[in-house]
Every structure is written in C-alpha cells, then in structure tokens.
Amino acid sequence: MSIISTEEFSRYINAKQTDEQSLILKETILDSAQNIVEFYLGYPVKRMSIDEEVHFIQLDTAYLPTDALPISDLGYVEVDGVEVDVDEFIIYKDMLYYEKGFKQGQKVKISYTSGWSSRNLPSIIKLTIMRIGALLWAEQNGNIGVTSVSSGMGDSRVFTNYTNYNRYLSEIANYRVLRF
C-alpha cells in the first residue's frame, strides 16, 4: 500500500471518481509510482523495521552501510554474537559509524527503523510519486503511446506522454543511495 492516500492523489489529479474500481486503479497506480521512486532511490520510503546480517569480507572499517534510510531508531547491534550499546554508534545517512570499528570477517546483526511516515515524507518525494502517478493515470482508456486524438466533430486533444520518468526523478537525486 502506498504512503500516499487515494484521497490525496484524487485531489492532485482532480479526479472525482469514488467507485470501487476507480479506487483500486488509483491504489495500483500509486503503488506502481512509489515502486518506481523506490527503485530509483535504492530503498523503501515507507517507515518499516529492518533486520540485517552483514559479514565483513573486505578491509577493516568504521562504517556499516545499511539497506535503507533515513534511520530513525537503532534497535540493536550485535558484533560476533555480542550486543553492543547503540549509543556507541552515530547514524550518518545510510551508514552507522562505530568508533571502535569493525574487523574483517566479523558477523554483524542490526535492527533499525527506517523510512518516513506520510506526515514527514519530504515534499519533493511525495510530489514525485504523485507526478509519476498522474502520468500513469493519464494512460488509461487506451492512451498509452498516443500523442493526439481527433474526434469526428473537428476537436482534437494532444497528450503529453512520458514513460521516461527521469525528468521527475532527477529532482530527488539528493535522496538517492548508490550501491557499489
């Protein structure tokens, strides 16, 4: 389920349909738009609890990358089966900094809460989900790949058709996490 409500999306696209099929379609579109944004960002945007297990096979390091951000609550950290006080860690974007450092080959387990609620989701991410959703909404009724339609009465309508969402996604690039 999307972090954005169908009511809010309906206001954004100025759609008054409230029948069950329209609501299901809006939910599907919002879920799809959110998936596109999450794929671009590299992590889920909706608040969730995450448990990770990491085996260090590279060099010793003081930083532990996480699978998501922002980290709002660090539940626990275990290093080789020994729990470490979470106050010994500093949260920096998608990483945990540990002054004592992690050693090559250590097994680390962490539990944390990451993501945003609908109230504190950054506005530009929310707007990007709704913009992409609006483009997906415009594709209904056979308007996929159509650039203009003419009626028999001399009327015509031109559609903006973007299936390349980079124009919108580039505005949230500062929130993106690149993994190597």
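Is Asp80 buried, exposed or partly exposed? Asp80 is partly exposed, with a relative accessible area of 46%. Here are some notes to go with the model, which is a predicted one.

1. **Overall make-up.** The protein contains four helices and nine strands. Going along the sequence, their order is α-α-β-β-β-β-β-β-β-α-β-β-α. The chain has 180 residues, and 38% of them count as buried.

2. **Surface and contacts.** The accessible surface of the protein is about 11100 Å², and carbon and sulfur atoms account for 50% of it. If you take the contacts between residues at least 6 apart in sequence, 76% of them join residues at least 24 apart.

3. **Helix 2 against helix 3.** Helix 2 covers residues 20–41 and helix 3 covers residues 123–138; their axes come within 8 Å and cross at roughly 125 degrees. That angle makes helix 2 oblique to helix 3. The crossing of this pair is right-handed. On the helix 2 side, the residues that meet helix 3 are Ser22, Leu25, Lys26, Ile29, Leu30, Ser32, Ala33, Gln34, Ile36, Val37 and Leu41. On the helix 3 side, their partners are Ile125, Thr128, Ile129, Ile132, Gly133, Leu136 and Trp137. By class, the contact of helix 2 with helix 3 has 12 nonpolar residues, five polar and one charged.

4. **A closer look at Ser22.** Ser22 belongs to helix 2, and it is buried, with a relative accessible area of 12%. Which residues does Ser22 touch, not counting those up to four places away in sequence? They are Gln17 and Trp137.

5. **Helix 1 against helix 3.** The axes of helix 1 and helix 3 are 10 Å apart, and the two helices pack at an angle of about 70 degrees. Helix 1 and helix 3 are therefore roughly perpendicular to each other. Helix 1 passes helix 3 in a right-handed crossing. Helix 1 brings Glu8, Phe9, Tyr12 and Ile13 to this contact, while helix 3 brings Lys126, Leu127, Met130, Arg131, Gly133, Ala134 and Trp137. By class, the contact of helix 1 with helix 3 has seven nonpolar residues, one polar and three charged.

6. **Helix 1 against helix 2.** At what angle do helix 1 and helix 2 pack? The angle is about 90 degrees, and their axes are 10 Å apart. That makes helix 1 roughly perpendicular to helix 2. Thr6, Phe9 and Ser10 of helix 1 make the contact with Leu23, Lys26, Glu27, Ile29 and Leu30 of helix 2. The residues of this contact divide into four nonpolar, two polar and two charged.

7. **Backbone points to check.** Most residues other than glycine have a negative phi, and most peptide bonds are trans. Asn14 has a phi near 55 degrees, a positive value in a residue other than glycine. Asn14 sits in the loop between helix 1 (6–13) and helix 2, and it is exposed, with a relative accessible area of 57%. Asp80, the residue of the opening question, has a phi near 50 degrees, which is also a positive value in a residue other than glycine. Its place is the loop between strand 3 and strand 4 (82–84). Finally, the peptide bond from Leu69 to Pro70 is cis, with omega near -10 degrees. Pro70 is found in the loop between strand 2 (61–65) and strand 3 (71–79).

8. Where does Ala62 lie? Ala62 lies in strand 2. Along the chain, Ala62 and Glu99 are 37 residues apart, yet their C-alpha atoms are separated by 6.1 Å. Leaving aside neighbours within four places in sequence, Ala62 is in contact with Leu96, Tyr97, Tyr98, Gly101 and Phe102.

Notes:
Residues are numbered from 1 along each chain as its sequence is written. This is a predicted model: local features need pLDDT of at least 70, side-chain atom pairs count only at pLDDT 80 or more; totals for chains, interfaces and linings use all residues. Side-chain values use heavy atoms; hydrogens and water are left out. Buried means under 20% relative accessible area, exposed over 50%, partly exposed in between (1.4 Å probe, protein chains only). Contact means heavy atoms within 4.5 Å. Accessible areas come from the Shrake-Rupley method with a 1.4 Å probe; for residues, only the protein chains shown count as cover. Axes are lines fitted to C-alpha atoms, for helices over the stretch in contact, and angles run from 0 to 180 degrees between N-to-C directions. Angles under 35 degrees count as roughly parallel, over 145 as roughly antiparallel, 65 to 115 as roughly perpendicular and the rest as oblique. A crossing is left-handed if the near helix is turned anticlockwise from the far one by less than a right angle, and right-handed if clockwise. Ala, Val, Leu, Ile, Met, Phe, Trp, Tyr, Cys and Pro count as nonpolar, Asp, Glu, Lys and Arg as charged, and the others, Gly among them, as polar.
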